[in-house]
Amino acid sequence: MTSLDALAGALRPFGLQSLGQLHTQADDPGGAGQTLILIGPDEPAFWPIFQSSAEAGDNAPDPLDRWSARVLGKVAQQVGGTALFPFGGPPFQPFFSWAERCGTCWPSPIQFLVHESAGLFVSFRGAIILPGLLPLASTGTKPCASCAAPCATACPVGAFDAGYDVAACKAHVTSDAGTDCRDNGCLARRACPVGQGLRRPAQAAFHMKAFL
């Protein structure tokens with residue numbers, strides 16, 4: 001069993017999976033000559049697993065980040081790797097650029113990352129670095145290349161018409177008119193045909209509450 005197989009097996013009980021892999025360069029943590037694996041939800045298994053965790057029910061701040069730190073810290077130790085996270089900074093780790101380098105994620109028409117199978121709901125709970133240059137999975141094909149880009153026109157207040165107008169987005173989501181976005185997730189993200197139906201409404205509402 002390779003280290004990547006062992007990692008996949010260790011992640012599976014937590015509803016997590018590899019969303020992309022790359023070989024590190026000199027300016028990455030730990031330098032060149034290692035393999036970095038981006039870790040994210042394996043939908044739809046992930047959300048019920050997290051909801052049943054101690055962190056999800058203890059009413060303390062940042063339950064998902066704390067769960068991710070605990071789980072991925074344990075998994076990294078189990079497979080002889082090092083865990084890194086997109087939270088806890090500054091400074092913050094360059095997850096966006098890592099995702100682009102993996103060849104499984106690309107900037108979408110609204111500039112949010114789109115993943116080959118998770119679509120615009122791609123998210124990373126962390127990354128694990130394993131020693132050595134392990135064989136990488138094949139890269140994917142950008143789904144936007146053959147898409148009519150419904151994400152670009154789905155926002156009811158045009159928050160993505162020129163960059164990303166965060167203020168307009170938040171004003172809409174917190175208004176009576178923004179109930180659908182608030183309870184079921186961003187309409188622009190939901191318009192992406194990739195990964196349709198994988199994310200549960202309660203999960204989308206959790207992330208929207210954190211965003212607000």
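**Entry 1: the sheet**

I began at G20, which stands opposite L38 in β2. Helices (H or I, at least four residues) and strands (E, at least two) are DSSP runs here, numbered from the N terminus. I am working on a predicted model, where local features need pLDDT of at least 70 and side-chain atom pairs count only at pLDDT 80 or more, while totals for chains, interfaces and linings use all residues. Residues are numbered from 1 along each chain as its sequence is written, and side-chain values use heavy atoms, with hydrogens and water left out.

Next I looked up the pairing of β1 and β2, which is antiparallel over seven bridges; two strands pair if DSSP finds at least two bridges between them. On to β2 (residues 34-41) and β6 (residues 126-131): they pair in the antiparallel sense over six bridges. I noted two bridge partners in β6: G126 for I39, and L130 for T35.

Then I took in the whole sheet. Four strands make an open, antiparallel sheet in the order β1-β2-β6-β3. β1 (16-23) and β3 (82-84) are at the edges with a single partner strand each, so one side of each has no neighbour in the sheet. On average, neighbouring strands are turned by 30° against each other, direction ignored. For angles, axes are lines fitted to C-alpha atoms, for helices over the stretch in contact, and angles run from 0 to 180 degrees between N-to-C directions.

Eight of the eight residues of β2 are buried, so the strand is largely enclosed by the rest of the structure.

**Entry 2: helix α5**

What covers the buried residues of α5? I found β1, β2, β3, β4 (105-107), β5 (113-115) and β6 included in that cover, with contact meaning heavy atoms within 4.5 Å. The buried residues themselves are F95, W98, A99 and C102. Seen down the axis of α5, they fall within an arc of 100°, so they line one face of the helix; the arc is that of the directions from the helix axis to the C-beta atoms. After α5 comes G103, with a positive phi near 80°.

**Entry 3: the cores**

I turned to the nonpolar cores, each a set of buried Ala, Val, Leu, Ile, Met, Phe, Trp, Tyr and Cys residues joined through side-chain atoms within 4.5 Å. The largest has 22 residues, of which L7, L16, W67, V75 and L130 touch the most other members. At least two residues each come from α1 (3-11), β2, α2 (46-51), α4 (63-79) and β6. The largest share, seven residues, is supplied by α4. Another core, of 17 residues, lies apart from it and includes W106, A159, F160 and C192.

I then followed L130: leaving aside neighbours within four places in sequence, its contacts include L4, L7, I37 and V79.

S53 sits in the loop between α2 and α3 (54-57). Is S53 buried or exposed? At 12% relative accessibility, S53 counts as buried. Not counting residues up to four places away in sequence, S53 touches W67 and R70.

Last, I looked up pLDDT, the predictor's confidence in each residue, from 0 to 100. The protein averages 94, and 99% of the residues score at least 70.

Terms used. Buried < 20%, exposed > 50% of the residue type's maximum accessible area, 1.4 Å probe, protein only.
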